[in-house]
Amino acid sequence: MGTLATFLALNGVMVVLISSAAGFCLYLNLTRGRNPHDWHLLHAGGTARGILLIGLGGTVHLINLPDGQADLAGGLVVLFVWASTLAMLLRAVTGENGFGLFGPPANWLGFILYAIGALSLFPGLILLAWGFVRAL
């Protein structure tokens, strides 16, 4: 579990680093009178996702799952975090919202990233929840 905890925490710190850099872009947009919405989304959403991984890294040792299942659960949550963070970054840089498989490539790529994130999050969380319940 130590390696999984480190993997989760390291990915969390990297995502918080990206969201912190987005905070600088948010500041620049605010001071220049530009729409800060997409940078704010990345700054706040990325920070929350990074902290989720850091917190999970600190508690993953409590779950009662075989190592392979624990690794799968953690990996699925990390996949969600990176896919959604990259989609938010793409949105902030391009202005494309990623709401469907249409329009410019940035739009459908954002949609695919959000879909990957959504499809990986729920199985990962369900497996983690099962591991925590088994540990009771």
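**Four helices, questioned**

The chain has four helices and zero strands, where helices (H or I, at least four residues) and strands (E, at least two) are DSSP runs numbered from the N terminus. This is a predicted model, in which local features need pLDDT of at least 70, side-chain atom pairs count only at pLDDT 80 or more, and totals for chains, interfaces and linings use all residues. Residues are numbered from 1 along each chain as its sequence is written, and side-chain values use heavy atoms, with hydrogens and water left out.

Q: Why are H1 and H2 called roughly antiparallel?
A: Helix H1 (residues 2-31) and helix H2 (residues 37-59) pack at an angle of about 160 degrees, their axes 7 Å apart. Angles run from 0 to 180 degrees between N-to-C directions, and those over 145 count as roughly antiparallel. H1 and H2 are therefore roughly antiparallel to each other.

Q: What makes up the contact of H1 with H2, by residue class?
A: Its residues divide into 15 nonpolar, twelve polar and one charged. Nonpolar covers Ala, Val, Leu, Ile, Met, Phe, Trp, Tyr, Cys and Pro, charged covers Asp, Glu, Lys and Arg, and the others, Gly among them, are polar.

Q: How much of the contacts with a separation of 6 or more comes from residues 24 or more positions apart?
A: Such residues account for 72% of them, with contact meaning heavy atoms within 4.5 Å.

How values were computed. Parallel < 35°, antiparallel > 145°, perpendicular 65-115°, else oblique.
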